[in-house]
Amino acid sequence: MKQKNIKIITLAVMAIVIIIGIVFVSIYGFNKELRFKQCQSIEIYVENKVDKTKIKEIANEVLGKKNIVQTVEIYEDMVLIKAETITEEQKNNIVNKVKENYEFEQTAEDTTINTMPTTRIRDMYKQYTLPFIISGVLVLIYMAIRYYKKGILKVIGRTILFPVIGELLLLSIIAIARIPIGIFTPVLVIAMYIVTILFVVIENEKE
Amino acid sequence: MKKVKITTIILAIILITLIAFAGLYIKTQNRMEDKVKSYELGRALYGGRVVDIKVADGEGDGETKPNPETLTEENYETVKNTIEKRLENLGVQDYTISLDKTSGKIRIELTEDEITDDYIYYITALGNVQLKEKDTETELLSDSMIKECVYSYYSNPEGAYQVYLELELTKEGQAKIEELKNNYAILAEEVQEVEASQPEEDEEESSEEENPENQEETDNVENAEAGGEEPNTENQENTKKIAELTIGGNQYEVQKIEKNKIRINIGGETTNSSSINNNIAAAAELALLINSGKYPIQYEIESNRFIYSDITNKQILYFVIIVAVLIFISLIVLIIKYKINGLLASMSFIGFMAIFSLIIRYTNVVISIEGIGAILLILAINYVLNYVLLGKLRIINTINEVITNTYKETFLKLIPVIIISLVFCFARWANLSSFGMIMFWGLVLMAVYNIIVTKTLLKLRESK
């Protein structure tokens, strides 16, 4: 009885989180990582091999923590700094601060602020769709064959429902907590997928 | 004796661990070189080629100024989708594409390797097919009437190969070409005939100017024609206009028009295998450009550079340290709970990690962020396997029975994970295939390694 109550409470909490997540996504959408958002960038040709850590410190000081610093080309003598917005003043500050550490010709006036285009979420992840579907179908067939004695509909239902609910829960938490989606999201999705499948297997084995 | 065997195995594990994590340095040309292969990192971890393309302003070679009416969001989207189709047809396994809907600028990020420059060529190459009148440049047949393009080759009795391209027309295209055949010289032979007769016509015109009598004769011929006499057919052929077929701005000779197909020869007939391969490559390239769709607007490359990942070595090091600490704590738990067996299993686990890292390197698996997830998952599964094994060993004293039971239990439960790993192994997307390959090698190693090393260590301990 106690276990049943815990199960009901858990399901209720999950349902509430998923509903709130859906609402958040409909209103605010997902929060994307800076590398996939529309943002602004500046490029500084430093003429020497750049110490990315130093440049990152300068960028953090001027732009705040939300910025990306990348070195360009094999000699790493150019640096690309990205942030959501970069004002003229911030650009001038960054160039002048970098000039304090390196000798190079480029001035703040020569430096332009470029706009980087956004990457759509569907473009980021559409390549994952087909392999997930194929693996899902094959796992479903396996589970139906292996555990048919427990009732095929029950097994198929669990095999579909548990991963779907798991993924919805994960995405809802990501949406609610405004965790930026980007290069780390697929790992979490795959991990949740595998964990839920293993959970289904364990539940079937228990019975 | 058993103690010596255990010590030997442990020393071998320590040696492999040192080689895997510290390297194997051998003096080569007066310097110490690490002979152990390094990891191959994916685009997110190492960096990649970033290409920015923008709408061509018409100032470059072969560029035309864009019609302002074509600079729409819809057309920018079409170009982006065409680029994606080309990249997919080329088998590019890892890319990111972004579009600025306001300016039409497109950014493409690709993995850096030997053929990245080839991919970049295809990004802006035009594959527009046009049949147009030579003199007036009037478009007679356009891309929209081309259904598909295939390439193939045939050989003649002498063994020479001819590579060709076949443009399959839509119904509309087929009807159009039938109509055009009457008034235009399209086939290479026809064009040659028309071009050959053209200097004769020019000569006739100039001689008419000198000899008015000839002009009278010509007039008489024309009058005869008007009177219903049969005209000279050669003259009729010569009045056909010339139609030129171009693909991506380059002209090609049409060899054959059969039903709804236009055949174009690529290169000449040859027995030289290198030439044949070059012709096939050229034909494949054209087919790819044509089949992936047309660019409604011409684009040019604005910048093309290699950009390193923003994930620094320091960040990777911090991550590795965190994982190492977690592994260390987990092994301490194992040792505390299972004492000597726990210690042996921990040593075995360290050896497993070392061999796993060597396998990843020598099987040329590219490590992506998903791949790192797979590594952690394998380590977790192996740890659980050892934990369950040691737990069972407390109840069942025979190691063979314990191994059989644990393996049966664990690997049967892991079959869905094995299915997922195998499917991901064959995924075209590099990040997923990285996950799949690492999971696959990890599971295989886990199955083999624990039977050979962990079982041996525990068995030696058991029979002491």
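Q: Into which domains is chain B divided?
A: In this predicted model, chain B has a domain 1 made of residues 2-36 + 312-462 and a domain 2 made of residues 44-200 + 233-306.

Q: And how far apart do the C-alpha centres of those two domains lie?
A: The C-alpha centres of domain 1 and domain 2 of chain B are 52 Å apart. The contact between them takes 7 residues from domain 1 of chain B and 5 residues from domain 2 of chain B.

Q: What classes of residue are on the domain 1 side of that contact?
A: On the side of domain 1 of chain B that touches domain 2 of chain B, there are 4 nonpolar residues, 2 polar and 1 charged.

Q: What about chain A, which domains does its assignment give?
A: For chain A the assignment gives domain 1 (2-31 + 119-206) and domain 2 (38-116). Their C-alpha centres lie 41 Å apart.

Q: Now the two chains together: how many residues does the contact take from each chain?
A: The contact takes 37 residues from chain A and 32 residues from chain B.

Q: Which elements of chain A supply at least two residues each?
A: On the side of chain A that touches chain B, these elements are α2 (52-63), β2 (67-72), β4 (114-116), α4 (121-146) and α6 (185-206). The largest share, 10 residues, comes from α6(A).

Q: How do the residues on that side of chain A divide by class?
A: The side of chain A that touches chain B has 24 nonpolar, 8 polar and 5 charged residues.

Q: Back to chain B. How many helices and strands does it have?
A: The secondary structure of chain B comes to 14 helices and 17 strands. Of its 464 residues, 30% count as buried.

Q: What share of its contacts join residues at least 24 apart?
A: The share is 71%, taken among contacts in chain B between residues at least 6 apart in sequence.

Q: Let us look at a helix pair. At what angle do α10 and α11 of chain B cross?
A: Helix α10 (residues 313-362) and helix α11 (residues 369-395) of chain B cross at roughly 155 degrees, and their axes come within 10 Å.

Q: Does that make α10(B) and α11(B) roughly parallel or roughly antiparallel?
A: They are roughly antiparallel to each other, because angles over 145 degrees count as such. The crossing of α10(B) past α11(B) is right-handed.

Q: Which residues meet there?
A: Among them, α10(B) brings B:V323, B:I327, B:L334, B:Y338 and B:F349. From α11(B), the residues include B:L376, B:I378, B:Y383, B:N386 and B:L390. By class, the contact of α10(B) with α11(B) has 16 nonpolar residues, 5 polar and no charged.

Q: What about α12 and α14 of chain B, at what angle do they cross?
A: Helix α12 (residues 399-413) and helix α14 (residues 430-462) of chain B have axes that come within 10 Å and cross at roughly 150 degrees. That makes α12(B) roughly antiparallel to α14(B). Their crossing is right-handed.

Q: Which residues make that contact?
A: Helix α12(B) contributes B:I399, B:I403 and B:F411, while α14(B) contributes B:A447, B:I451, B:K455, B:L458, B:K459 and B:E462. The contact of α12(B) with α14(B) has 6 nonpolar, no polar and 3 charged residues.

Q: Changing topic: where is B:V51?
A: B:V51 is in strand β4 (residues 47-55) of chain B.

Q: Is B:V51 buried or exposed?
A: B:V51 counts as buried because it has 23 C-beta neighbours inside 10 Å, and the cut-off for buried is 20 or more.

Q: What is B:V51 in contact with, leaving aside its neighbours within four places in sequence?
A: B:V51 is in contact with B:I108, B:I120, B:I123, B:I301 and B:N304.

Q: One last topic, A:E73. What is the phi of this residue?
A: A:E73 has a positive phi of about 65 degrees, although it is not a glycine. Most residues other than glycine have a negative phi. A:E73 is in the loop between β2 and β3 (78-83) of chain A, and it is partly exposed, with 13 other C-beta atoms within 10 Å.

Q: And A:E76, where does it lie?
A: A:E76 lies in the loop between β2 and β3 of chain A. Its phi is positive, near 50 degrees. A:E76 is partly exposed, with 17 other C-beta atoms within 10 Å.

Methods: Residues numbered from 1 in each chain as written. Chains lettered and ligands numbered in written order. Predicted model: local features only at pLDDT ≥ 70, side-chain atom pairs only at ≥ 80, totals over all residues. Axes fitted to C-alpha atoms, helices over the stretch in contact; angles between N-to-C directions. Helix = DSSP H or I, 4+ residues; strand = E, 2+ residues; numbered from the N terminus. Parallel < 35°, antiparallel > 145°, perpendicular 65-115°, else oblique. Left-handed = near helix turned anticlockwise from the far one by under 90°. Nonpolar A, V, L, I, M, F, W, Y, C, P; charged D, E, K, R; others polar. Domains from an automatic or database assignment. Buried ≥ 20, exposed ≤ 12 C-beta atoms within 10 Å, placed from the backbone.
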